[in-house]
Amino acid sequence: MTPFRNKAINKLKYKIISLVMYDIEKFKLLLKNYSKIIVFSIVFLMTAIFSLYYSYVFDKNLLKVYFLDVGQGDSILIKAPRNNLLLIDTGANEKVVSKVEGVLQVNIKQIEGVLLTHQDLDHDGGFQYIHKYFHVKSLYISNNYTEKLDFTNKYIVSQGDVVDMDGVMLEIISPNYNDVGSSNHTSIVSILKYGNYRFIFMGDADKEIERKLVAQGYFDNSDQYIDVLKLGHHGSDTSSSESFLKKIKPEYCIFSVGEGNSYGLPSTSILDLSEKYCKSIYRTDEDGSIGVFTDGKTVKIKKSL
């Protein structure tokens, strides 16, 4: 083999080795860069999986209570963890239908129960539309509700009765079967307890009813609960006495009231009291429909739903 040929072969070997070494270094650099991407992708994927799992576990045990913005009136939608629905009051008109559909964001056809606290138009006027658009399985009223309703599964409830939403219990604490008086005075008042949280729905109950319930000991264990209070009678000064609010010490106070209503509600005096005794205040006229979501241990509140 000639020296020239040896030189050519050696040059070719060197070139091949150089190319291989270059490719190895390039591969190492590429691997180093991609390893960062791979690690980031794994971390991102694990975070996403954990978030989805947490959301699933949280949502699976989630109680959802919506205070619907139906104008000057009341309507509260309760969605139990197993998706059973109970509607407390229906506002004054057909607006309640779109509000129910809006907060659920699904096409629902059935509501397990509707509870009408009393027969004032701003509480029961929307029932005919709810009955028209949804299949309502059960209707709950007090014996003071005298308006005739064409409904088959109608139940009279009074103090001590419980509406069972597949394990989530709504307790009726007023009126008792013998209570008489105005529709506001005999308005159904109810409590829903879920874990550390207690929801108190006052309807349009007046100060006399508040005093009676306090005397009967319904709020003696307020320190054991984080209370969500729907104030009575849209923030009218006929309800929500100072002694009542002081006894409950609610964490969250919610006014169901219409924007620019002609009644001037909520009243200035009740707003002052709520600012004194409530840690957080929400109003449907300013915040829109309000959702309170809890697993019994923690809570999330969303506005403008």
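The legends below accompany close-up views of a predicted model.

Residues are numbered from 1 along each chain as its sequence is written, and side-chain values use heavy atoms, without hydrogens and water. In this predicted model, local features need pLDDT of at least 70 and side-chain atom pairs count only at pLDDT 80 or more, whereas totals for chains, interfaces and linings use all residues.

**View 1. The chain as a whole.** The secondary structure comprises eight helices and 15 strands; helices (H or I, at least four residues) and strands (E, at least two) are DSSP runs, numbered from the N terminus. Of the 305 residues, 47% are buried, where buried means under 20% relative accessible area, exposed over 50%, and partly exposed in between (1.4 Å probe, protein chains only). Among contacts (heavy atoms within 4.5 Å) between residues at least 6 apart in sequence, 62% join residues at least 24 apart.

View 2. Seven strands are arranged in the order 7-8-9-10-11-12-13, with mixed pairing; two strands pair if DSSP finds at least two bridges between them. Strand 7 (162-165) and strand 13 (280-283) are the edge strands, each pairing on one side only. From one strand to the next, the twist averages 20°. Helix 5 (residues 207-215) packs on the sheet and touches strand 8 (168-174) and strand 9 (189-194); its direction makes about 115° with that of strand 8. Axes are lines fitted to C-alpha atoms, for helices over the stretch in contact, and angles run from 0 to 180 degrees between N-to-C directions.

**View 3. Strands 12 and 13, and Ser-256.** Strand 12 and strand 13 pair in the parallel sense over four bridges, and Phe-255 has Arg-283 of strand 13 as its bridge partner. Ser-256 lies in the loop between strand 12 (252-255) and helix 7 (268-277). Ser-256 counts as buried because its relative accessibility is 3%. The side chain of Ser-256 reaches the backbone oxygen of Gly-73 at 2.7 Å. Beyond neighbours within four places in sequence, the contacts of Ser-256 include Asp-74, Lys-230, His-234 and Thr-284.

**View 4. The buried face of helix 2.** In helix 2 (residues 95-104), the buried residues are Val-96, Val-97, Val-100, Val-103 and Leu-104. Seen down the axis of helix 2, these residues fall within an arc of 145°, so they line one face of the helix; the arc is that of the directions from the helix axis to the C-beta atoms. Their cover includes strand 1 (63-67), strand 2 (76-79), strand 3 (85-88) and helix 4 (127-133). Gln-105, which follows helix 2, has a positive phi near 55°.

Notes. A polar contact is a pair of N or O atoms within 3.5 Å; within protein, one must be able to donate a hydrogen and the other to accept it, and residues adjacent in sequence count only if both atoms are side-chain atoms.
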